[in-house]
Amino acid sequence: MNNNFVKGSWQEILDWAQNKSINMLHYCTGCGAIELPPTMTSRYDMSRFGIGPAATPRQADLLLVTGYLSTKTLRRLIYTYEQMQAPKFVVGFGSCTINGGMYWDSYNTIKQLDKYLPVEMYIAGCMPRPEAILDGLLKLKKMINNGEADGYQRYQDNLEFYHQNQEAVLGEVQRTQ
Amino acid sequence: MIDLIYKIGHFLLITVFATALGLLFMGIARKIIARIQKRYGPPVYQPYLDVLKLFGKDAITHGFIFDFGAVMALGGVIATLFFIPLGSWQLYSMEGTVLLVIYLLAVASLGMAMGTVGSGNPQASIGISRALTQMLGYELPFLVILFSLIFRYQTSSIWGLMQAQAGSFLNWNLFAYPMMALVAFVVLIGMMGKKPFDAMIAPSEIGSGPVVESGGKYLGMLLLQKSITIIIELALYVNLFLGGADNIFSFSFKMLIVWILATMFGSLFPRFRIEDGVKFFWKWPLGIAILQALYIII
């Protein structure tokens, strides 16, 4: 039994555990926040899939960006993302994170979240209903289980690209590490 | 030599058992709360998956004090565990274990406090100061209860207090001194930080308090610490008021009953503010405990 095999199988076990237990930090700036309480509470109950809310970025695995991002909130979002611990995933939520949505020609919102943070998947809609959110999160679980959700590695590999894009809109960004 | 190996094996067995049982209890509590809220709820084994996931994650340290605080919190509860009889499992029995357990539980809290100092997060400091304030609140009625029990049975070992209730179930302190058992139940809810008295963790207010900066492996360690703490506090209650048990299965069953009741009470109430919580502890539980103590002494 060689070392790589052991490492790979252990990683598979961790991926499996990760897909069964996801703590979600919902970054509620946009109107998408209003769709999350029914998803979490009695009607749709996402906790039966092992997805629950997290109190702080340090404890979270999943960053839900619920709606439009002004350049001011993008800075906080980047700080939040960088505080999270390594297997971490970003889900863009609603059409605002895909192409700007109804804020397409606004002067102070960003249009494509993917240029600033590595997004695993988008949930389309304006706003997506709780069924759509659950469907999206179940797909994310499948991706994590298969080891396809590797956003945090993409962020490390293409750090230059992301930093450049971030600094293009924000000016200076405070880096902790 | 054989004796030493036997003792170490016993240590490990008790630690692993208490951790596993505590995590199971946490899963059961999540399921019960879900059913009360008309939800389906996560599976009962969810806390095991959480721990596995957390130990697989990266973790960022905030320096030596932060690491040491987490280790001290976990070590404090494991040390406490060895002085508590779990059914017939009893490692050390001597006079004064009741007071020793109270002291050692404080070690775990102080470990958490050190960890928060190391992290330097203001919300964590608020959380731990609330936790220690609340400790001041519930320990006073609890100590009054303990001293009146010690006075009544003339022994200060948990084992002795448990043996004193042997025989019929009518000898249990739950039936002999029901008011005291009620006060101790309220104190137990406060100790475990359940709903009316959860101002120290308050996730929506101060971002889960003492554990606000702990992610990944640190959070996993603190989850294990919490599971053992639950077992210690439930075992203390079962030993003092439900007459203990002569084997681990009926003991676990009694702990489960107390845990389910505490969870149900916890899911009914909103949260006390910290000063109101302490005022509550010093008004009703302390008053009733003192009355009961006077009744026992006179």
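Modeller: Gladly! Let's begin inside chain B: Ala184(B) touches Phe142(B), Ile145(B), Tyr237(B), Leu240(B) and Phe241(B), leaving aside residues up to four places away in sequence. Touching, or contact, means that C-beta atoms, placed from the backbone, lie within 7 Å. This is a predicted model, where local features need pLDDT of at least 70 and side-chain atom pairs pLDDT 80 or more, while totals for chains, interfaces and linings use all residues. Residues are numbered from 1 along each chain as its sequence is written, with chains lettered from A and ligands numbered from 1 in the order in which they are written.

Colleague: Which residues have the most contacts inside the largest nonpolar core?

Modeller: In soluble globular proteins, nonpolar side chains tend to be buried together. A core here is a set of buried Ala, Val, Leu, Ile, Met, Phe, Trp, Tyr and Cys residues joined through C-beta atoms within 7 Å; buried means 20 or more other C-beta atoms within 10 Å, exposed 12 or fewer, partly exposed in between. The largest core has 87 residues, and Ile84(B), Ile145(B), Ala184(B) and Ala235(B) have the most contacts inside it. Helix H10 (residues 217–241) of chain B gives the largest share of this core, 17 residues. Helices (H or I, at least four residues) and strands (E, at least two) are DSSP runs, numbered from the N terminus.

Colleague: How do H5(B) and H8(B) cross?

Modeller: Two packed helices are described by the angle between their axes and the distance between the axes. The axes of H5 (residues 122–153) and H8 (residues 178–192) of chain B come within 10 Å and cross at roughly 155°; axes are lines fitted to C-alpha atoms over the stretch in contact, with angles from 0 to 180 degrees between N-to-C directions.

Colleague: Where does Gln154(B) lie, and is Gln154(B) buried or exposed?

Modeller: Gln154(B) sits in the loop between H5 and helix H6 (158–164) of chain B. Its phi is positive, about 55°, although Gln154(B) is not a glycine. With 8 other C-beta atoms within 10 Å, Gln154(B) is exposed. Asp45(A) also has a positive phi, near 45°, but Asp45(A) counts as buried, with 21 C-beta neighbours inside 10 Å.

Terms used. Two residues are in contact if their C-beta atoms, placed from the backbone, lie within 7 Å.
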